[in-house]
Amino acid sequence: MSLNQQPAIAVRDLCFNWPDGTSVLSSCSLEVPKGEFWMLLGTNGSGKSTLLRLLAGLLAPKSGQIEIQPPVGFVFQNPDHQLVMPTVGADVAFGLVEEKLPPVSIRQRVDEALDLVNLLPLRGRPIYALSGGQKQRIAIAGAIARRCEVLLLDEPTALLDPDSQLDLVRQVRQLVTRQQICALWVTHRLDELDYCDGGFLLERGRVVAQGEPNRLKQRLTST
Ligand SMILES: Nc1ncnc2c1ncn2[C@@H]1O[C@H](COP(=O)(O)OP(=O)(O)OP(=O)(O)O)[C@@H](O)[C@H]1O
Ligand SMILES: [Mg+2]
């Protein structure tokens, strides 16, 4: 990252409590550079999904700052919670409704995005006839079609078999590099760390380790 380039995601001293007062994030700070693929790890309940939802603006922080480059795309663990239209092409186009583009530009954006996730031949296919990994790639294509600068992915491989899992992580690796976007990917699977530029380890709502994927991996396997 060049010295004067703004990070794509910057979080400073972020705090978040549930309405009953339980603290989830306390003084959480992190930065993800533009054009890089970072992962977020941590035990169950450490606050990973809550942090992602705060970054996406789906929750409001109690205090602290969030700076994130719009537009932001979110990919859920279960793609069936995300894909809403009957066919692949219609689903990717659905995210563009607000932009009020002429039909020819919509078609162009959809085709470009599907091509980038290697699913252009499936444009007319019904969503129900896709595999789990293909559905996740359609969700990602939706974000790419909207020209998202940041992709937030919450355990996108949790429901996938090992082959589709590695296909998906490789696909995102390639997209981040080619499109110079930024991705923050939550995972419990240490083998995925081989594909990222860096990682954060979250414990009880704050970052306790960060940086080089191999070092994080060593730390996580030695404890
Ligand atoms: N809607 C909610 N209301 C109250 N507490 C919640 C709510 N959602 C999550 N929590 C609690 O907040 C804490 C952090 O949850 P979060 O889902 O962010 O963890 P996580 O790191 O994503 O865990 P996992 O690895 O299991 O997905 C947990 O203790 C969880 O039980
Ligand atoms: Mg979670």
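Guide: Phe74 stands opposite Leu152 in strand β6. The model is a predicted one, in which local features need pLDDT of at least 70, side-chain atom pairs count only at pLDDT 80 or more, and totals for chains, interfaces and linings use all residues. Residues are numbered from 1 along each chain as its sequence is written, while chains are lettered from A and ligands numbered from 1 in the order in which they are written.

Strand β5 (residues 72-75) and β6 pair in the parallel sense over four bridges; two strands pair if DSSP finds at least two bridges between them. Helices (H or I, at least four residues) and strands (E, at least two) are DSSP runs, numbered from the N terminus. β6 also pairs with strand β7 (residues 182-186), again in the parallel sense, over five bridges. There, Val150 has Cys182 of β7 as its bridge partner.

Because five of the five residues of β6 (residues 150-154) are buried, the strand is largely enclosed by the rest of the structure. A residue is buried if 20 or more other C-beta atoms, placed from the backbone, lie within 10 Å of its own. In a regular strand the side chains alternate between the two faces of the sheet. In β6 both faces are covered, with Val150, Leu152 and Asp154 buried on one side and Leu151 and Leu153 buried on the other.

Finally, β6, helix α5 (residues 162-179) and β7 make a right-handed β-α-β unit: with the strands pointing away from the viewer, the path from the first strand over the helix to the second runs clockwise.

Note on methods
A residue is buried if 20 or more other C-beta atoms lie within 10 Å of its own, exposed if 12 or fewer, and partly exposed in between; C-beta atoms are placed from the backbone.
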